[in-house]
Amino acid sequence: MLANGFDSILSLVTFLVFTGFAVAAFAFAATAREDAYRAADKQTKKFWLILLGINLVLNLLLPMLFLQIAGLIAAIVFMVDVRPALREVTGGGRRGGGSSSDGPYGPYNGGR
């Protein structure tokens, strides 16, 4: 009886984590500019939206672990390879182009 409850909680947590990650990857793919994909030498925006959209729909309609893991791999590839390349091309990240040692009122010079 206790194992059945644990299995259902584990399934729910897996579903929520995988689906949340799929939503985040799809949202990032949708908000990036089309030309950034070409400039970063990655697959097209349409390709990633279709792949990540199918992943999201399958997670919501057919929550089977094999399909969830396959979709998770696609989302991970997008998040660790494509998204950083898109941010680099579009100048994402820190606003203003400051150094990592800049404080709120300008560069930190170590008390000199």
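Colleague: In what order do the elements of the chain run from the N terminus on?

Modeller: They run α-α-α-α-β-β, and the secondary structure comes to 4 helices and 2 strands. Helices are DSSP runs of H or I with at least four residues, strands are DSSP runs of E with at least two, and both are numbered from the N terminus. This is a predicted model, in which local features need pLDDT of at least 70 and side-chain atom pairs count only at pLDDT 80 or more, while totals for chains, interfaces and linings use all residues. Residues are numbered from 1 along each chain as its sequence is written, and side-chain values use heavy atoms, with hydrogens and water left out.

Colleague: What share of the residues in the chain is buried?

Modeller: Of the 112 residues in the chain, 23% are buried. Buried stands for under 20% relative accessible area, exposed for over 50%, and partly exposed for what lies in between, with a 1.4 Å probe and protein chains only.

Colleague: And how much accessible surface does the chain have?

Modeller: The accessible surface comes to about 7900 Å², and carbon and sulfur atoms hold 67% of that. Such areas come from the Shrake-Rupley method with a 1.4 Å probe, and for residues only the protein chains shown count as cover.

Colleague: Turning to helix α3, how many residues has it, and what does it reach?

Modeller: Helix α3 covers residues 45-61, has 17 residues and reaches 24 Å from its first C-alpha to its last. That is close to the 24 Å expected at 1.5 Å a residue, where the expected span is 1.5 Å times one less than the number of residues.

Colleague: Which residues of α3 are buried?

Modeller: They are K45, W48, L52, G53, N55, L56 and N59. Seen down the axis of α3, these buried residues fall within an arc of 160°, so they line one face of the helix. The arc is taken from the directions from the helix axis to the C-beta atoms. As background, an α-helix has 3.6 residues a turn, so residues three or four places apart point the same way.

Colleague: Which exposed residues sit on the face of α3 turned away from its buried side?

Modeller: That face carries K46 and L61.

Colleague: What is N59 in contact with, leaving aside its neighbours within four places in sequence?

Modeller: N59 is in contact with F15, F18, T19, A22 and Q68, where contact means heavy atoms within 4.5 Å. N59 is buried, with a relative accessible area of 1%.

Colleague: Is Q68 buried or exposed?

Modeller: Q68, which lies in helix α4, counts as buried at 4% relative accessibility. Beyond its neighbours within four places, Q68 is in contact with T14, F15, F18, N59 and P63.

Colleague: Where does L62 lie?

Modeller: L62 is in the loop between α3 and α4 (65-90). At a relative accessible area of 42%, L62 is partly exposed. Not counting residues up to four places away in sequence, L62 touches V57 and L67.

Colleague: Which residues does F26 touch, not counting those up to four places away in sequence?

Modeller: F26 touches L49, L52 and G53. F26 lies in helix α1 (residues 2-31) and counts as partly exposed at 28% relative accessibility. The C-alpha atoms of F26 and L49 are separated by 6.5 Å, although the two are 23 residues apart along the chain.

Colleague: A change of topic: how many aromatic pairs does the structure hold?

Modeller: The structure holds 2. The rings of F47 and W48 have centres 5.3 Å apart and planes at 85°, so this pair is edge-to-face. Rings of Phe, Tyr and Trp (its six-membered ring) pair if their centres lie within 6.5 Å, and planes under 30 degrees apart count as stacked, over 60 as edge-to-face and the rest as tilted. Ring pairs link F47, W48 and F78 into a cluster. W48 is buried, with a relative accessible area of 7%, whereas F47 is partly exposed, at 35%.

Colleague: And which residue lies over the face of F28?

Modeller: R83 does, at 3.7 Å from the ring centre. A charge sits over a ring if NZ of Lys or CZ of Arg is within 6 Å of the ring centre and within 35 degrees of the ring normal.

Colleague: Finally, what is phi of D41?

Modeller: Phi of D41 is near 60°, a positive value in a residue other than glycine. D41 is found in the loop between α2 (34-39) and α3, and counts as exposed at 69% relative accessibility.
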